[in-house]
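Subject: Structure for you to look at

Hello,

Here is the structure I said I would pass on. Please open it first and then read the notes below it.

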Amino acid sequence: MTSEKTTGAPRTLYEKIWDAHMVEPLASGAALLYIDRHLVHEVTSPQAFDGLRVNGRKVRRPDATLAVPDHNVPTANRDQEIVDPESRLQVATLVENVAAFGVPFIPLNDVRQGIVHVIGPEQGASLPGMTIVCGDSHTATHGALGALAFGIGTSEVEHVLATQTLVQAPSKTMRVTVNGELGLGVSAKDLALYIIGQIGAGGGTAHVIEYAGEAVTSLSMAGRMTLCNMAIESGARAGLVAPDDTTFDYIKGRPMAPKGEDFDAAVAYWRTLPTEAGAVFDKEVVLDAADIAPMITWGTSPDAVIPVTGLVPDPSDLTDDAIRANHQRMLDYMALSPGALIGTPVDVVFVGSCTNSRIEDIRDVALIAKGRKVADGVRAMVVPGSGLVKLQAEAEGLDKVLLEAGFEWRDPGCSMCLGMNEDKLKPGQRCVSTSNRNFEGRQGPGGRTHLASPAMAAAAAVTGRIVDCREFA
Amino acid sequence: MQPFTQLTGIAAPLPVANVDTDKIIPARFLKTLTRTGLGKSLFDGLRYDADGKERPDFVLNQEPYRKAEILIALDNFGCGSSREHAPWALGDFGIRCVIAPSFADIFYNNCFKNGLLPVALPREVCEQLMEETKLGSNARVTVDLERQVVVRANGEEIAFDVDAGRRHALLNGLDEIAETLTHDAGISTFETNRAKAEPWRTAVSL
């Protein structure tokens with residue numbers, strides 16, 4: 001199936017990428033979509049490689065595949081064996097699988113190792129106009145480059161390994177336009193959380209969202225990655241930002257990016273990708289950046305979010321029984337009451353994850369940490385997104401600033417975003433986290449997560465409370 | 001894949017919206033190398049207390065729902081992660097069908113790869129079905145994929161929509177990869193044509 005707009009009507013960025021990757025329409029009404037990049041990690045791949053073995057199949061395009069361990073890896077004592085036997089086995093299984101199937105691999109102790117969604121762009125493996133998949137829902141991150149990037153399950157991981165394609169039906173399209181400039185102390189993370197609060201945790205379901213408007217185009221690539229990363233938190237399969245000079249400047253010179261004349265030819269193609277004037281989206285949302293303050297979640301769904309100066313809503317104001325019960329359950333789990341959230345004491349601060357672990361994020365934290373101390377009784381950890389981010393931060397002296405302030409400075413991985421390794425909240429602990437999900441037990445059984453920006457996390461670390469990061473501006 | 005044609009079984013009510021994948025199967029159980037054995041950890045945080053004892057108030061710890069094959073919930077079921085461990089855990093527990101007003105896309109898609117049928121029905125219908133599950137073991141619900149109907153305890157039939165391709169694959173338990181490999185020549189042609197037209201495209205190299 002080609003999109004309905006191949007006959008000369010203006011097309012969206014999404015429709016152009018779709019059309020360029022359509023291998024064949026299928027009788028079912030879906031299409032066979034070609035996949036340019038397949039990123040693989042240790043958690044969602046072992047059953048897929050096993051499936052290939054059982055059926056005597058090969059990896060069709062190892063040269064389009066890149067594997068790295070990230071979800072399950074320790075973020076300290078990397079010179080020693082992984083302590084947890086299950087984690088050790090899962091990482092070892094990835095090592096065996098990539099060797100057996102000839103897949104390019106960045107091992108744990110390589111300086112380029114890191115969170116798969118940080119290293120794809122960093123290495124120039126993720127480029128505009130591509131289709132990019134990974135067995136991880138935050139694959140949406142790579143949409144920041146103007147690529148169609150989405151998460152898949154393990155069966156589809158196996159499908160892509162074997163065929164380099166996926167059976168896909170076209171998504172609906174949504175454009176979220178944010179006009180105006182973000183205020184001082186308001187970051188891409190606040191923008192992402194605000195949008196989710198506006199459209200809801202299921203508001204993007206069945207859609208691919210293109211983010212547009214001045215508040216989006218003025219973001220750095222790191223900011224665009226933060227924004228697209230959380231597209232899935234509104235239910236959207238993918239988020240996109242049109243590629244522009246900011247994108248091309250970011251890509252130029254990266255290890256796997258085209259070089260010389262090839263780069264110029266690539267840029268000429270990438271410039272044809274943005275949505276044309278007059279292209280029609282299934283849904284349009286228009287927001288004003290001036291309405292956005294530093295945001296923080298209060299509940300166990302990412303759309304349970306308020307400005308830090310706002311009030312946790314009162315369930316008794318809700319008329320729908322099921323929604324009210326849900327709301328009350330969130331308050332109970334989070335041990336909160338309706339009213340102000342500001343001033344609530346915190347136990348842990350986590351800076352990291354594929355949402356906010358890039359050098360720009362660490363600079364934001366260091367800016368507030370400099371000359372201050374992590375509050376008594378607070379554990380504050382910074383987990384860079386990759387070994388190269390860590391090196392860059394150390395070259396800038398940020399590690400010293402953070403260590404002097406009392407932050408932990410750890411090795412790259414997914415860490416406390418999902419608590420698969422030993423970086424977990426204890427039951428009842430309250431955490432301000434720069435990650436992407438505040439689900440019950442996400443950061444450890446019984447843990448209480450407040451999602452916020454790196455600056456908000458840093459401000460919480462040095463005060464021991466939920467505070468407005470603008471006080472430190 | 002195990003085909004899904006028709007199922008008559010006990011339905012368990014879970015009147016919760018945004019049942020996320022961390023609720024269905026927390027990340028610490030994703031260290032497995034197989035697709036099986038996750039049923040005991042299904043809904044771990046809701047099902048067990050801190051000491052690992054069953055919480056008596058959770059529906060799947062109650063009779064007759066311990067043997068539920070159908071789960072009924074509210075909006076946005078399966079939101080969050082792409083982990084296929086979520087449908088694996090449901091299936092390993094014995095649940096073959098989830099009925100809800102809406103589903104998260106990746107979870108919805110993952111179900112069809114694992115012989116599980118997600119059925120989207122209006123919220124008032126889901127609430128009505130949940131109400132009927134209180135009849136206990138007599139409240140059996142039938143889900144018929146061939147005829148695309150859910151049959152209530154009183155015999156009333158409720159039609160549901162499902163994509164024709166997914167329905168066909170599930171009814172017949174098809175191996176999607178084997179199907180796609182019949183298009184191998186088309187995939188090769190696509191690759192050859194594009195390599196000629198866009199020689200600047202780079203390979204992954206370390």
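Between them, chain B and chain A bury about 5,600 Å², and 55% of this is on carbon and sulfur atoms. Buried area is the accessible area (1.4 Å probe) that two parts lose on being put together, summed over both. B:Lys31, B:Trp200 and B:Val204 supply 15% of the area that chain B buries against chain A, more than any other three residues.

This is a predicted model, in which local features need pLDDT of at least 70 and side-chain atom pairs count only at pLDDT 80 or more, while totals for chains, interfaces and linings use all residues. Residues are numbered from 1 along each chain as its sequence is written, chains are lettered from A and ligands numbered from 1 in the order in which they are written, and side-chain values use heavy atoms, with hydrogens and water left out.

On confidence: pLDDT is the predictor's confidence in each residue, from 0 to 100. Chain A has a mean pLDDT of 97, with 99% of its residues at 70 or more. Residues 1–5 of chain A stay under 50.

Back to the interface. In contact (heavy atoms within 4.5 Å) are 58 residues of chain B and 81 residues of chain A. The two chains share 10 salt bridges, each a side-chain nitrogen of Lys or Arg within 4 Å of a carboxyl oxygen of Asp or Glu. One of them joins the side chains of B:Arg35 and A:Glu158, at 3.6 Å from N to O. On the side of chain B that touches chain A, helix H8(B) gives the largest share, 7 residues. Helices (H or I, at least four residues) and strands (E, at least two) are DSSP runs, numbered from the N terminus.

Now the sheets. Strands pair through backbone hydrogen bonds, either parallel or antiparallel; here two strands count as paired if DSSP finds at least two bridges between them.

In chain B, 7 strands form an open sheet with mixed pairing, in the order S4-S3-S2-S1-S5-S6-S7. Strands S1 (residues 6–14) and S5 (residues 140–144) of chain B run antiparallel and are joined by 5 bridges. B:Ile10 has B:Arg140 in S5(B) as its bridge partner.

In chain A, 5 strands form an open sheet with parallel pairing, in the order S18-S17-S16-S19-S20. Strands S16 (residues 348–351) and S17 (residues 379–382) of chain A are joined by 4 bridges, and A:Phe350 stands opposite A:Met381 in S17(A).

Regards
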